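Here is a short report on one protein model.

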Amino acid sequence: MPPRNHKNWLKQPNVESVSSEIYSSRKIFNEEIESIFSKVWVPVCHISEMYNELDYRTSQIAGHNIIVYNTGDGVRAYYNHSIQKPTGKLQAPIATSDPELYSEIKHGGMVWVTLDPNPTMDVEQWTAGAFDCIADAIDTEELEIFHYHKAVIPTNYKLWHDTNSEFYHDFMHYFNRVTGFNDEYFARKNIAFDNGHVNVSSFTVNYTEFDKEGDRGELSFPNLPPNQWYMVDLFPGFNFNLRGSAYRSDSVTPLGPNKVLIEFRGYGLRKDTPEERQTRIKHHNTIWGPFGRNLHEDLLGVTGQGTTMREGTEDRHILHGRHENSTIHDEVGMRHYYSEWGKYLDMDPYHV
Ligand SMILES: [Fe+2]
């Protein structure tokens, strides 16, 4: 093996790789906002955050403030020019000469908005079957949000999505090593869908290896066999994560090449008894809550990546070259994502 001197370090590898420039360039970031985020469907919130007529939620897409509210018969979205609070109740339906933004409620009650004034696809077409694996679990009963927090992380938004798309970083998670590293885990498949989406097939997690009382089978989501774990990675940066009894969504709002706002939501079933809800919250928090496992470790990981790839750092090659029959550590999901990403930016990400 040749020495890892500077010259060799910069040499083009003979497997698929992207330049770290795509994570650090201001120019590329601006193009992403313009060409990707202002075109795609964005899951801005959940309908249970605005149950009643005239309840609203504000958000930001591609640098634009937006507001979405409950009409009593669906939702409507507009550019937001004046409302300051992130959530509340309107006095009356919004009356404006601004055109309405396209919005839909879809996939377990998520509220989707696009800034595209002429979308070529509805949400169902856009998600292209990526939710099919969990549709019976999230669409049979009404879901209800029980957890929300946001984090501003000094990293590129794509590094967060990468973390949700590759599973070799799972070695970082003590919880996952103890509960999950069995033959079934390593046989999981990454499945690609149109429009850059990917999902990861399920396996049975052995929660009791971590905590004797930790089994989640009893409170599994509808139609879901006990202790399953599905992930849906939606282009360009949205993740839906169903671990048996608790469901989580992540949404990114890119703020700069090296700055991203990530919103995390946790969900149970609206019909939960108080005891059931408490158990779901405990299960959610064990992994993703403030004193739990996994989520903070993921955030520390991408913060470290962000540090090494911040604006002004030297470009280097990030490998996406693992080919392992689409099983869990195959980087097929990353390659699928970046080939879609390249179409929006009219560039080949493997030859920036
Ligand atoms: Fe992780």
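In this predicted model, the lining of the second largest pocket divides into six nonpolar, nine polar and four charged residues. The second largest pocket holds about 360 Å³ of space. It is lined by 19 residues, and Thr 58, Ser 59, Gln 60, Pro 86 and Lys 150 are the closest to its centre. Strand β3 gives the largest share of this lining, with four residues.

The largest pocket has other neighbours. Arg 4, Asn 8, Trp 9, Lys 11 and Pro 13 lie nearest its centre. Two elements, α1 (6-10) and β16 (317-319), each give two or more residues to its lining. The most come from β16, which gives three residues.

| Pocket | Volume | Lining residues by class |
|---|---|---|
| Largest pocket | about 500 Å³ | eight nonpolar, four polar, three charged |
| Second largest pocket | about 360 Å³ | six nonpolar, nine polar, four charged |

Last, the hairpin. Strands β4 (residues 64-70) and β5 (residues 75-79) pair in the antiparallel sense over five bridges. Ile 67 stands opposite Tyr 78 in β5. Four residues lie between the strands, and Gly 72 in this hairpin takes a positive phi near 95 degrees.

How values were computed
Residues are numbered from 1 along each chain as its sequence is written. This is a predicted model: local features need pLDDT of at least 70, side-chain atom pairs count only at pLDDT 80 or more; totals for chains, interfaces and linings use all residues. Side-chain values use heavy atoms; hydrogens and water are left out. Two strands pair if DSSP finds at least two bridges between them. On a 1 Å grid over the protein atoms alone, a cavity is a set of points where a 1.4 Å probe fits but cannot get out, and a pocket is an open set with protein on both sides within 12 Å along at least five of seven lines; lining residues have an atom within 4 Å of a point. Grid points are joined across faces, edges and corners, and a volume is the space filled by probe spheres set on the points. Ala, Val, Leu, Ile, Met, Phe, Trp, Tyr, Cys and Pro count as nonpolar, Asp, Glu, Lys and Arg as charged, and the others, Gly among them, as polar.
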